[in-house]
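Subject: Handing over the structure

Dear colleague,

I am passing on the structure that we spoke about, with notes to read beside it. Please open it first and keep it in view while you go through them.

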Amino acid sequence: MTMSTRDAYGHVLETEIYKNPDVVVVDADIASSTRAEKFKNKAPERFFNVGISEQDLMGTAAGLAAVGKIPLAGSYALFTERGLEITRNSICLPNLNVKIIVSHGGLTIGSDGATHQAIEDIALMRSLPNLSVIVPSDAWETEEAVKAAVAHKGPVYIRLGKDAVPDIHPAGSTFQWGKGQILRDGIDVALIGTGRMTAAALSAADQLRQDGLEAMVINMPTIKPIDADLIEYAARKTGHIVTAEEGTVLGGLGSAVAETLVRRYPVRQEFIGVQDTFGESGSSEDLLKKYGLTAEDIAAAARRILA
Amino acid sequence: MTNEELARRSTAVREYVVKMLAAAGAGHPGGSLSIVEILQVLYGEFMHVRPQEPHWPGRDRLILSKGHAAPALYATLMMHGFFPEEELWNLRKCGAMLQGVPDMNRTPGIDMSTGSLGQGLSAGNGMALGARLDHAGWRTYVICGDGEIEEGIIWEAAMTSAHFKLDNLTLIIDHNKLQLSGASEEVMNIMPIADKFRDFHWHTITINGHDFDEIRAALKEAGETKGMPTVIIAETIKGKGVDFMENKAAWHNKTLDAAETKKALEELEGES
């Protein structure tokens, strides 16, 4: 089945998370779209809409965390960036227990265009000390990540998406903090995806098999802390890495993987992502194609470094 | 406390501030000296805290949103027994308990890390909402600078405080009328402060921020005001208590040299 990761967030809020009396949700008047309103329906007294004010959103969440609450705070990924310095100084620096959970990450946010497309959020958030960064790939992983984030002590950033995405996890999967998963084994190249791009990587592996190439596919939900051991394992086994993310290639998953490889086991790497440019209006399908974020693009990148 | 005791403590805090800044070789004397009386009344009479149990959940919270005035708060906390006097002399040194601006994870008695202007009121709202959820009686106090209210987040937060009718929150604005580059009214006219907050549905009280009776009465009135947050606009003198610093913007972040330190301490010792 397919479901958006934001819908999965709404689902886990109304089925499980609301039962924790310490959890509060702080919203900047966008909960109907982020699906945080599912919490409001269950625990209205623990739901606070501060209005269209993302700096105040982050600051209010910091104060709630400072007195023992577990605030889930967020807007669209892009607008949450407006509160970046508050996130830095009032949440990450004091290491407060705020869970920043945002929707509409990446290019595929509807057709509003570049002002609404957060392509840099992963890079920005990854650079903040104390903050963990998670980009779930499907509905199941979203629910597990949100539950794990609430159980985790310290600030967490979870980036969700608007579009429905396919389930890519086999039954019996487990979510482990800071760990990636090998979804498909292979010896020629390792495709490492995060968010919706892991599904594209799986399709790319199918395409590569037609060329006689066996691609390993790794899902990397946690960009920080990054699963350095798994990255090294994949590099040693395949000697070729392609990373795929729905965001700028400057500072995101690809960079985190490259930083690991350079230190531990340098191999060739290709970076699928937004190539240092802003987005624009368009359907998800058209945008993914235009900005080079399809399974075909991932397969082509793999062929390039294998050639 | 008697006003005499509060005055004695205020002078002692001022002496500590001057000595700390001299030892640190950097810091913000002007805005530290303007909030001394306010801090003495708060910690002497209003703040329910347990210095030996600084994380006691039932304590009142104070957020020094104008975090650069930390030396005055540090000296006050030390005098109330939160940490030993020798910590004061490590202010701003690498690895010290006392950072240039307040750090809640390093310093007992600091309830919120601050220093980047504007962020304390939002955090105070979060604390006040948390207290209300828990049906807890403790209060949240936030101290802002007057120049600080030029930050946009202050007005986002001011709407939030009033919208949620946070009568368990008190904002104190240190209206010393000067900021780094000069008179606030000339840099960016913040006046009229009280009218702005009244328009935002706050209860407002304007006082002389160096008069113990007026500070005491205002804090009491804030505690008794129901259904809306209270802002106390404290008219103060930047650099208060040291004649050559008073009302001089240059002393916002100027370091005292040895001669200035001696002169300031002689003046303060003359008062005590």
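The notes below take up the interface between the chains, then one lysine, then the salt bridges and the cysteines.

Please bear in mind that this is a predicted model, in which local features need pLDDT of at least 70 and side-chain atom pairs count only at pLDDT 80 or more, whereas totals for chains, interfaces and linings use all residues. Residues are numbered from 1 along each chain as its sequence is written, chains are lettered from A and ligands numbered from 1 in the order in which they are written, and side-chain values use heavy atoms, with hydrogens and water left out.

The interface

Where chain B meets chain A, 23 residues of chain B and 26 residues of chain A take part in the contact, a contact being heavy atoms within 4.5 Å. The buried area, meaning the accessible area (1.4 Å probe) that two parts lose on being put together, summed over both, is about 1900 Å² for this pair of chains, and carbon and sulfur atoms give 62% of that. Of the area that chain B buries against chain A, 28% is supplied by B:Gln119, B:Leu133 and B:Glu156, which is more than any other three residues give.

One salt bridge is found across this interface, where the term stands for a side-chain nitrogen of Lys or Arg within 4 Å of a carboxyl oxygen of Asp or Glu. The partners are B:Asp134 and A:Lys69, whose closest N and O atoms are 2.5 Å apart. Helix 5 (120–133) and helix 6 (152–163) of chain B each supply at least two residues of the side that touches chain A, and helix 5 gives the most, with eight residues; helices here are DSSP runs of H or I with at least four residues, strands are runs of E with at least two, and both are numbered from the N terminus.

A lysine in chain B

B:Lys238 is found in the loop between strand 7 (230–235) and helix 10 (258–271) of chain B. Is this residue buried or exposed? B:Lys238 counts as buried because its relative accessibility is 3%, given that buried means under 20% relative accessible area, exposed over 50%, and partly exposed in between (1.4 Å probe, protein chains only). Leaving aside neighbours within four places in sequence, the residues in contact with B:Lys238 include B:Gly30, B:Asn176, B:Glu246 and B:His252.

Salt bridges and cysteines

Over all chains the count comes to 32 salt bridges. In one of them the side chains of A:Asp7 and A:Arg35 meet at 2.5 Å, N to O; A:Asp7 lies in helix 1 (residues 5–15) of chain A and A:Arg35 in the loop between helix 2 (31–34) and helix 3 (37–42), 28 residues apart. A:Asp7 is partly exposed, at 30% relative accessible area, whereas A:Arg35 counts as buried at 19%.

Another salt bridge joins A:Asp206 and A:Arg184 (2.6 Å, N to O). Because A:Asp206 lies in helix 9 (residues 197–210) and A:Arg184 in strand 9 (residues 181–184) of chain A, the pair ties together parts that are 22 residues apart in sequence.

As for disulfides, defined as a pair of cysteine sulfur atoms within 2.5 Å, the count over all chains is zero. Among the cysteines, A:Cys92 is buried at 3% relative accessible area, and B:Cys144 is buried at 0% relative accessibility.

With best wishes
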